[in-house]
Amino acid sequence: MKRREFALAAAAASLPALWSLPVQAQSGQGYLELKQRATVSAPAGQIEVIEFFSYGCVHCKNFAPIFEAWKKTVAKDVSVRMVHVGFNKSFEPLQRIFITLETLGQADAMNAKVFKAVQDERKALNKPDVLFPWVAEQGLDRAKFESIYNSFSTASQVKRSMQLQDEYQVEGTPAIGVAGRYYTDGSMAGGFERMVQVTNQLVERERKRGA
């Protein structure tokens with residue numbers, strides 16, 4: 001499903017529907033080079049790699065262990081982070097969950113649990129009266145989580161996430177952006193394993209040109 005079709009289909013849903021890999025014409029190189037460079041947050045000398053994902057995306061859930069294993073192999077000059085997409089307003093609660101967990105330093109520990117709760121257990125974590133008790137059940141500080149979730153800082157980060165996904169022209173998830181210059185996804189690359197291989201190639205290409 002393409003982004004535009006998804007936006008129409010998900011508009012009536014209480015949670016973002018499961019996202020499908022986009023189908024995009026590609027010449028075989030497995031990635032796109034952006035015409036205009038996207039914003040990069042990594043410090044000088046670091047090559048930034050971003051995974052664009054959604055907790056409501058079944059492909060993101062399946063890709064997660066592959067991406068986590070790959071992260072453990074990267075060199076010290078590679079800065080890896082995740083960005084939760086927001087293709088329409090219904091995504092914002094999940095974006096806030098991820099940003100809050102990241103702020104608390106709990107994203108790596110909790111991502112799999114959120115995927116399971118949203119997709120397997122069908123918990124409506126987009127609703128505060130469901131989310132906050134669930135957070136407490138996971139052993140997190142509910143008051144602190146609520147404060148960060150509802151903060152102006154988190155709202156600002158939601159906006160920045162959406163700006164970044166637009167700069168990278170993200171059309172589906174999971175997708176990967178490299179150094180503000182390149183974009184790839186499973187459809188372009190030809191599968192998830194190939195997707196990380198393409199990412200490695202792009203990192204090496206950026207390393208040779210000097211990040």
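Q: What makes E33 count as partly exposed?
A: In this predicted model, E33 has a relative accessible area of 42%. Buried means under 20% and exposed means over 50%, so a value of 42% places E33 in between, as partly exposed.

Q: How do you know that E33 forms a salt bridge with R205?
A: The closest N and O atoms of E33 and R205 are 3.4 Å apart, and the criterion asks for a side-chain nitrogen of Lys or Arg within 4 Å of a carboxyl oxygen of Asp or Glu, so the pair qualifies as a salt bridge. R205, for its part, is partly exposed, at 36% relative accessibility. The structure holds 12 salt bridges.

Q: Why is the pair E204 and R207 said to be separated by about one helical turn?
A: E204 and R207 are three residues apart in helix α9, and therefore about one helical turn lies between them. The closest N and O atoms of this salt bridge are 2.7 Å apart, which is within the 4 Å limit. E204 is partly exposed at 32% relative accessibility, and R207 is partly exposed as well, with a relative accessible area of 31%.

Q: What separates R96 and E92 in helix α3?
A: R96 and E92 are four residues apart in helix α3, which means that about one helical turn separates them. Their closest N and O atoms are 2.9 Å apart, and the two residues form a salt bridge. Both R96 and E92 are buried.

Q: Why is V196 called buried?
A: V196 has a relative accessibility of 8%, and because buried means under 20%, V196 counts as buried. V196 is found in helix α9 and touches F63, I66 and W70, leaving aside residues up to four places away in sequence.

Q: What makes β1 and β3 the edges of the sheet?
A: The five strands form an open sheet with mixed pairing, in the order β1-β5-β4-β2-β3. β1 (32-33) and β3 (78-84) each have a single partner strand, so one side of each is left without a neighbour in the sheet.

Q: How do you know that β2 and β3 are paired?
A: Strands pair if at least two bridges are found between them, and seven bridges join β2 (residues 47-53) to β3, so the parallel strands β2 and β3 meet the criterion. Within this pair, V49 stands opposite V80 in β3.

Methods. Residues numbered from 1 in each chain as written. Predicted model: local features only at pLDDT ≥ 70, side-chain atom pairs only at ≥ 80, totals over all residues. Heavy atoms only, no water. Helix = DSSP H or I, 4+ residues; strand = E, 2+ residues; numbered from the N terminus. Buried < 20%, exposed > 50% of the residue type's maximum accessible area, 1.4 Å probe, protein only. Contact = heavy atoms within 4.5 Å.
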